[in-house]
Amino acid sequence: MNKPESAATSNFIRNIIDDDLAANKNDGRIVTRFPPEPNGYLHIGHAKSICLNFGIAAQYNGKCNLRFDDTNPVKENEEFVKAIKDDVTWLGFEWDGLKHASDYFNELYNFAVELIKQGNAYVDSSTAEEVREMRGTLKEPGKPSPYRDRSVEENLDLFARMKAGEFDDGAHILRAKIDMASGNINMRDPTLYRIRKVHHVRTGNDWSIYPMYDYTHCVSDAMENITHSLCTLEFEDHRPLYDWVLDELKTPAHPQQIEFARLMLEYTILSKRKLIQLVEEDYVKGWDDPRMPTITGMRRRGFTPAAIRDFCERIGVTKNDSWIEMAVLETCIREDLNEHSHRRMAVLEPIKVVITDLPDGYTETLSFANHPQKEDFGRRDIVFSKEIWIDKDDFSENPPPKYQRLVPGGEVRLRGSYVIKCEEVIKSDAGDIIELRCTHDANTLGKKPEGRKVKGVIHWVSASAGVQAQVRVYDRLFNQPNPGSADSLEAELNPESMVVHKTCYVEAALSEAQAEERFQFERLGYFVADRYDHTSEMPVFNRTVSLRDTWAR
RNA sequence: UGGGCCGUCGCCAAGCGGUUAAGGCACCGGGUUUUGAUCCCGGCAUUCGGAGGUUCGAAUCCUCCCGGCCCAGCCA
């Protein structure tokens, strides 16, 4: 029943792995890891990394760990840890090991002592500002710190006392002794440890020093026997340091770091800083706002895990800085939802239609297929009645060319029901349309009208049997393909990114919808019952994506 | 000449010295259709950032040039 996900096309990482396997490197083992810092919510960019790491493990019969890179306790918390686990699970992946960088704090410390003994690390007592000044610039080499040649004994003593909590934050750091003149600034005696007298969610107050990313990541990878450590392009310059640490420490495993390009998606923002700004300055209603590119936001929007996985496969993995068009993501979600969603009818902006040639109180029960191509999806009943609702967009007194809907004096097919003809338009004193008075052709139920063609088909909901609902229509959050390039996010926001329709009418079957259940509202798009706000008393639906529309409006 | 990386169709992306330069998205036709949806069928790079060179043969190798991205946290 489930359509198999598209076959994996080759990419440079798979090629590297194929070569490694052919050479029997690592005895043919493949171990990857997804290593988020628990300081925020995961977004579609992380999904690319998750699909890559877990996908490769699955494809090559390997393993993939989920590892929390929790080396900076001032920015991290449990809320994010839980959210990240939920998101990875929801996306459909199971981690082999659940790890934390903090699991290795003891080993990391002992390795650092080893580096000091080797003469490869020293305690620098310069201020942060002095360190920065001595580092040099992109074009000029750095200068050695006056503390660079401290004795091993002194370094050992100072480092032990840093650990013991004898010093205040910032008093000392532990640095690798590499090359202050390196063209690669990461090699100019990078910081290994800094003093941070703060509580850590997992290690409590055990530590007053915490290891830096560059030192921690490579060692953690080695501890877990990771074979291929996949990260994004900005870490390319860090690879020499990654390799230096593992080489000097002579760790039994030396994973290979491979870098790939971050995802850039048009009309949205993936920068953590800007995402935080959207939430904190109330441009959206939280991390799970359906307009957010977060996993939790996309979930609430109605996206499916399979569609997101398909998207990540389709965009590929390269080292090119490339912008993906939103149409790619939309196509993925439409394909999945078209395949799996039951059809329903819903009217978002109702106009009353009275079928004048039907007796008062007339009703008739009609049977509708839940899917036009899939009989096994079953059928449901829909009540047709003398008074019905149709959508405002489906009637026009001044129709544009090629308009195929209802016009004064014109005919249109009510989906699954009769052909009606608009005989009269009733307006208020203010000129607003209050109702349409129509007649119907009783000989058109399940048949084409005789002697004429009626091309248009519109959806409708019975005024007597329909159910009231709220429908939130979402659109892209920004009106610029590359938002964030301007100074102010606000200027680029799409003012119509969320339009709430409070008085909608939906067919009765929809009152049984479960939260997160997805449907196609015929002719409108794909919708999901809101994960949090939907109830059978007051149904609430979010538009996931519109239907493809080739009719130029 | 700070260091590192990247340039194949509008957007992605295969390609790894000999292929008619895959495929997807988008777009443009045409057919089916009681969703202007879906589905089907067809079209869409004589050319791979540019210029030289090597070779019987180059998107693939070499040289130079042009354009773009990343790096100066005691963040990750």
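# A tour from the RNA surface to the cavity

The surface near RNA strand B divides into 20 nonpolar, 27 polar and 27 charged residues. Here, nonpolar covers Ala, Val, Leu, Ile, Met, Phe, Trp, Tyr, Cys and Pro; charged covers Asp, Glu, Lys and Arg; the others, Gly among them, count as polar. A residue is near a strand if one of its heavy atoms lies within 4 Å of it.

This is a predicted model, in which local features need pLDDT of at least 70 and side-chain atom pairs count only at pLDDT 80 or more, while totals for chains, interfaces and linings use all residues. Residues are numbered from 1 along each chain as its sequence is written, chains are lettered from A and ligands numbered from 1 in the order in which they are written, and side-chain values use heavy atoms, with hydrogens and water left out.

**Stop 1: RNA strand B**

Select RNA strand B and its surroundings. It is surrounded by 74 residues, and the closest are Ser10, Asp237, Arg415, Gln520 and Thr550.

Now colour by helix and strand. These are DSSP runs numbered from the N terminus: helices are H or I with at least four residues, strands are E with at least two. Which element gives the most to the surface near RNA strand B? Select α12, which supplies 5 residues. Elements with at least two residues each in this surface include α5 (128-134), β6 (191-195) and α11.

**Stop 2**

- Arg415: a side-chain N or O atom is 2.4 Å from a sugar or linking oxygen of RNA strand B.
- Asn338: a side-chain N or O atom is 3.0 Å from a sugar or linking oxygen of RNA strand B.
- Gln373: a polar side-chain atom lies 3.2 Å from a base oxygen of RNA strand B.

**Stop 3: salt bridges**

A salt bridge puts a side-chain nitrogen of Lys or Arg within 4 Å of a carboxyl oxygen of Asp or Glu. The count comes to 38.

Select Lys319 and Glu236. Their closest N and O atoms are 2.9 Å apart. This pair links distant parts of the chain, 83 residues apart.

Next, select Glu339 and Lys374. Their closest N and O atoms are 3.3 Å apart. Glu339 sits in helix α12 (residues 326-340), and Lys374 in the loop between β15 (363-369) and β16 (379-385). Is Lys374 buried or exposed? Buried means under 20% relative accessible area, exposed over 50%, and partly exposed in between (1.4 Å probe, protein chains only). Lys374 has 16% relative accessibility, so it counts as buried. Glu339 is at 22%, so it counts as partly exposed.

Then find Arg452 and Asp441, which meet at 2.9 Å, N to O. Finally, select Asp288, Arg300, Arg472, Asp530 and Asp533, linked in a network of salt bridges.

**Stop 4: the cavity**

On a 1 Å grid over the protein atoms alone, a cavity is a set of points where a 1.4 Å probe fits but cannot get out; lining residues have an atom within 4 Å of a point. Points are joined across faces, edges and corners, and the volume is the space filled by probe spheres set on them.

The search of the whole structure finds 1 cavity of 30 Å³ or more. Select its lining: Tyr213, Asp214, His217, His238, Tyr242 and Gln257. Helix α7 (residues 213-223) gives the most to this lining, with 3 residues. The lining divides into 2 nonpolar, 3 polar and 1 charged.

How values were computed
1 Å grid on protein atoms, 1.4 Å probe; cavity = no way out; pocket = protein on both sides within 12 Å on 5 of 7 lines; lining within 4 Å. Polar contact = N/O pair within 3.5 Å; in protein donor to acceptor, adjacent residues only side chain to side chain.
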